[in-house]
Amino acid sequence: MNRVRVSDRAAILSRLRDAVANFEVDEVKAACLDALEAGIPVEETILKGMARGMDIVGGLYEEDTYLLPELIMAAEAMNEGLSVLKPYLKKGGAEHRAVIALGSVEGDIHDIGKNLVGSFLTAAGFDVRDLGVDVSPEEFAGAVNDGDIAILGMSSLMTNTRPAIERTIKYLEHSNFRSSVKIIIGGASVDRKYADRVGADGYAEDALAAVRAAKKVAGSIENYSG
Ligand code: B12
């Protein structure tokens, strides 16, 4: 395995962060390849490099330096980088763990984080069903009704879509599906306190923590063999 000095590793991750923040697609791809060559774990490259770049973009948007087109270009740059790195996400863990369905909640079309969570979960051996974006409470319940789903993951990035999580949980309760699934939630608009308040079974702040949260709730499901 290639050895890389801590300072080099930090330099590559900063380069990647800045390339995403400046939506320089070619530079993002080149930095991803350099990170691979330097032996930096793919998870770290994604979360400590590219995702930090997206945080910068969010901050610049908030202060009106960036507008919507810049958000879109940064998202494209991140997706290009992810396509370079995804094939190298480590496959680990047992196959045929619990089935987990993921969706961005009603009104929310942000999906980079959700998709990342899906990729990390797949790499960890979970069977992931992607319900897409703008998923209504009825659609979440429909997915549970369809069968073998053990865990439902909901993503919300905006304060005005956060209430859709609570609505979905209430809808699952009213339609008697709540007890058949474990629920984990994430995304920039939520935190552990909110998760506890609405009665979710787990919360995670990033994709690595999402794998831990999924394993934890899966561990409490009867007949789970992971
Ligand atoms: C990229 C982006 C977009 C892209 C989305 C592209 C796409 N395909 O996803 C586009 C340009 C489409 C967009 C649109 C809009 N956006 Co936007 N967007 C962002 C931005 C810059 C980055 C989000 C991102 O991808 N981050 C990188 C990923 C890796 O991180 P993440 O999503 O947080 O996911 C991680 C964790 O949260 C967690 N996680 C996420 N989901 C889940 C789910 C589960 C189950 C678990 C366990 C964990 C988990 O793990 C993930 C991986 O580590 C954020 C700013 C920010 N810093 O969040 C604004 C931001 C979310 N957007 C914002 C806004 C306002 C909008 C628009 C309304 C803009 C407009 N005027 O139209 C629209 C809304 C569209 C809609 N209806 O949803 C605001 C929301 C403000 C608020 N607090 O409500 C933000 C915060 C920007 C800001 N600072 O103002 N956006």
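Let me begin with a definition: by contact I mean heavy atoms within 4.5 Å of one another. What I am showing is a predicted model, in which local features need pLDDT of at least 70 and side-chain atom pairs count only at pLDDT 80 or more, while totals for chains, interfaces and linings use all residues. Residues are numbered from 1 along each chain as its sequence is written, and side-chain values use heavy atoms, with hydrogens and water left out.

I will start with the domains. The domain assignment, whose bounds come from an automatic or database source, gives domain 1 as 6-88 and domain 2 as 99-219. Taken over C-alpha atoms, the centres of domain 1 and domain 2 are 25 Å apart. Where the two meet, nine residues of domain 1 are in contact with seven residues of domain 2. Between them the domains bury about 660 Å², with 88% of that on carbon and sulfur atoms; buried area here is the accessible area, for a 1.4 Å probe, that two parts lose on being put together, summed over both. On the domain 1 side, the residues that lose the most area to domain 2 are Glu43, Leu47 and Lys86, which together account for 58% of what that side buries.

Now to the helices, which are DSSP runs of H or I with at least four residues, numbered from the N terminus. Helix H2, residues 25-37, packs against helix H4, residues 68-85, at an angle of about 30 degrees, with the axes 9 Å apart; axes are lines fitted to C-alpha atoms over the stretch in contact, and angles run from 0 to 180 degrees between N-to-C directions. H2 and H4 are therefore roughly parallel to each other, the term for angles under 35 degrees. The contact is made by Val25, Val28, Lys29, Cys32, Leu33 and Leu36 of H2, and by Ala77, Glu80, Gly81, Val84 and Leu85 of H4.

From H6 the contact draws on Pro137, Glu138, Phe140, Ala141 and Val144, and from H7 on Arg167, Thr168, Tyr171 and Leu172.

Notes
Helix = DSSP H or I, 4+ residues; strand = E, 2+ residues; numbered from the N terminus. Parallel < 35°, antiparallel > 145°, perpendicular 65-115°, else oblique.
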